[in-house]
Amino acid sequence: MTPQVKHFLENWHTAVRNRDRDLLASIIAEGCELHSPVVWKPSADKHYLLHILMGVISIVEDFDYRKQWVDGNMLILEFTGTVDGKGLLGIDRITVDDEGRMCRIEVLIRPLNTLIEFATRMREHALRYQPEAANS
């Protein structure tokens, strides 16, 4: 594992555990691509991605990373949690750039009934995003 990936993982886990938006922002590259299970079209807006990530860690109860796999600058982080009492299992497939910042994240979630509940709650959260406030 490269020092950049190790540093990223330490900061990522700390930021998620502590719901630390500023720490997350420091390890996400500008133009980072988000490939979400909720929408088809990827986003490359860092401020929107931060808004979404903060929504995920507040909507998914008992969020916990269970396993991780590292291959060069590619990471797979397996997570569990619940949404409205329904269990979920998912993975974050993350690419880290040479500076140790996330430049791509793809999220997969199952089972379908939990994904539907998650998508409904995330849609409500996403609609509260205000680009003007985020970019000021």
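**Side-chain contacts**

Analyst: D97 and R101 form a salt bridge, with their closest N and O atoms 3.6 Å apart. A salt bridge here is a side-chain nitrogen of Lys or Arg within 4 Å of a carboxyl oxygen of Asp or Glu. This is a predicted model: local features need pLDDT of at least 70, side-chain atom pairs count only at pLDDT 80 or more, and totals for chains, interfaces and linings use all residues. Residues are numbered from 1 along each chain as its sequence is written, and side-chain values use heavy atoms, leaving out hydrogens and water.

User: Is D97 buried or exposed?

Analyst: D97 is buried, at 17% relative accessibility. R101 is partly exposed, at 29%. Buried means under 20% relative accessible area, exposed over 50%, partly exposed in between (1.4 Å probe, protein chains only).

User: How many salt bridges by this rule?

Analyst: The count is 8. Among them, R66 and E78 meet at 3.0 Å, N to O. R66 is in strand β2 and E78 in strand β3, so the pair ties together parts 12 residues apart in sequence. Strands are DSSP runs (E, at least two residues), numbered from the N terminus.

User: OK, rings now. How many aromatic pairs?

Analyst: There are 4. In one of them, F63 and Y65 have ring centres 5.0 Å apart and planes at 85 degrees, so the pair is edge-to-face. Pairing needs centres within 6.5 Å; planes under 30 degrees apart are stacked, over 60 edge-to-face, the rest tilted.

User: Which residues form one aromatic cluster?

Analyst: F63, Y65 and F79. F79 is buried, at 3% relative accessibility.

Note on methods
Rings of Phe, Tyr and Trp (its six-membered ring) pair if their centres lie within 6.5 Å; planes under 30 degrees apart count as stacked, over 60 as edge-to-face and the rest as tilted. Helices (H or I, at least four residues) and strands (E, at least two) are DSSP runs, numbered from the N terminus.
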